[in-house]
Amino acid sequence: MGKYYHTKESVQEYIKMAQGHDGQKIIDKLKEHLPAGSLLLEIGSGPGTDWKLLRKHYQVIGSDQSTEFLKHLQSSFPEGVFLSLDAASLATDLRFDGIYSNKVLHHLEDEALFNSVHRQYEILKPGGIICHTFWHGQDSEIFNEMFVNYHTDEGISLLFGAYFNPLLIKFYEEFDPRDSFLYIGKKKEGISI
């Protein structure tokens with residue numbers, strides 16, 4: 001991922017760049033599958049834009065790997081709980097009803113993403129729900145010092161399919177038609193890890 005997200009300057013730059021963008025429509029879809037009051041982990045809370053929206057409906061615990069983002073989150077939302085977590089290893093003993101990320105998991109290379117999916121299955125309670133968004137496409141690139149791994153809905157369905165039953169796969173437009181998609185899934189039962 002380089003130094004981006006790990007310096008105060010790049011975090012401030014990202015916060016300005018992300019103004020006006022939030023996951024309200026995604027969260028509205030999540031609410032159809034995850035009951036209000038559920039314990040939810042947000043992976044990659046960043047500036048806290050979606051965290052603020054999520055906490056209106058859920059007991060949300062935020063997380064980020066960036067020390068600078070964590071400082072920003074703890075300063076902006078002193079009442080919140082924020083964990084220092086890598087999206088691939090998710091090293092926590094907590095168990096959740098749901099896991100949410102908005103354009104975060106695309107920073108992981110394929111093997112790290114597989115590890116994250118496996119770990120999400122482990123830290124979800126029975127019947128747990130995942131809700132993630134991805135950039136749609138193929139290949140990968142370095143954009144603004146950040147690794148970006150593009151995905152297809154078919155590829156993500158295969159990857160998550162070992163551990164989750166899909167509830168919703170929906171394309172949407174962030175900047176261009178069908179440049180993004182949402183995946184919501186439910187934890188399968190009886191899988192030995």
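**Before you click**

This is a predicted model; local features need pLDDT of at least 70, side-chain atom pairs count only at pLDDT 80 or more, and totals for chains, interfaces and linings use all residues. Residues are numbered from 1 along each chain as its sequence is written, and side-chain values use heavy atoms, with hydrogens and water left out.

**Stop 1: the whole chain**

Show the chain as a cartoon. It holds six helices and nine strands. Both are DSSP runs, numbered from the N terminus: helices are H or I with at least four residues, strands are E with at least two. Of the 193 residues, 48% are buried. Buried means under 20% relative accessible area, exposed means over 50%, and partly exposed lies in between (1.4 Å probe, protein chains only). Now think about contacts, meaning heavy atoms within 4.5 Å. Among those with a separation of 6 or more, 64% join residues 24 or more positions apart.

**Stop 2: the largest core**

Select Leu 41, Ile 156, Phe 160 and Phe 164. These have the most contacts inside the largest nonpolar core, which has 28 residues. A nonpolar core is a set of buried Ala, Val, Leu, Ile, Met, Phe, Trp, Tyr and Cys residues joined through side-chain atoms within 4.5 Å. Which elements give two or more residues to this core? They are strands S1 (39-42), S4 (96-102), S5 (124-135), S8 (164-172) and S9 (180-187), with helices H5 (110-123) and H6 (153-161). H5 gives the largest share, four residues. In soluble globular proteins, nonpolar side chains tend to be buried together.

Zoom in on Phe 160. Leaving out residues up to four places away in sequence, Phe 160 touches Leu 105, Val 117, Gln 120, Ile 130, His 132, Phe 134 and Tyr 183. Another core lies apart from the largest one. This other core has 19 residues, among them Ile 26, Leu 53, Val 60 and Phe 77.

**Stop 3: helix H5**

Select 110-123, which is H5. Check the span with a distance between the end C-alpha atoms. The expected span of a helix is 1.5 Å times one less than its number of residues. For the 14 residues of H5 that should be 20 Å, and the ends are 20 Å apart, which agrees. Next, colour the buried residues of H5: Leu 113, Ser 116, Val 117, Arg 119, Gln 120, Tyr 121 and Ile 123. They pack against S1, S4, S5, H6, S8 and S9.

**Stop 4: H5 against H6**

The axes of H5 and H6 come within 10 Å and cross at roughly 45 degrees. Axes are lines fitted to C-alpha atoms, for helices over the stretch in contact, and angles run from 0 to 180 degrees between N-to-C directions. H5 and H6 are therefore oblique to each other. Oblique covers what is left once angles under 35 degrees (roughly parallel), over 145 (roughly antiparallel) and 65 to 115 (roughly perpendicular) are set aside. Show side chains at the contact: Leu 113, Phe 114, Val 117 and Gln 120 from H5, and Ile 156, Leu 159 and Phe 160 from H6.

**Stop 5: two loops with positive phi**

Select Lys 103, in the loop between S4 and H5. Its phi is near 55 degrees, a positive value in a residue other than glycine. Is Lys 103 buried or exposed? Lys 103 is buried, with a relative accessible area of 10%. Then jump to Arg 178, in the loop between S8 and S9. Arg 178 is not a glycine either, yet has a positive phi of about 55 degrees.

**Stop 6: Ile 26**

Ile 26 sits in helix H2 (residues 24-31). It is buried, at 8% relative accessible area. Beyond four places in sequence, Ile 26 touches Tyr 100, Asn 102, Cys 131, Thr 133, Tyr 172 and Leu 182.

**Stop 7: two serines**

Ser 45 lies in the loop between S1 and helix H3 (49-54). Ser 45 is buried, with a relative accessible area of 4%. Its C-alpha is 8.9 Å from that of Val 104, 59 residues apart along the chain.

Finish at Ser 84, in strand S3 (residues 82-84). At 56% relative accessibility, Ser 84 counts as exposed. Its C-alpha and that of Ser 63 are separated by 5.7 Å.
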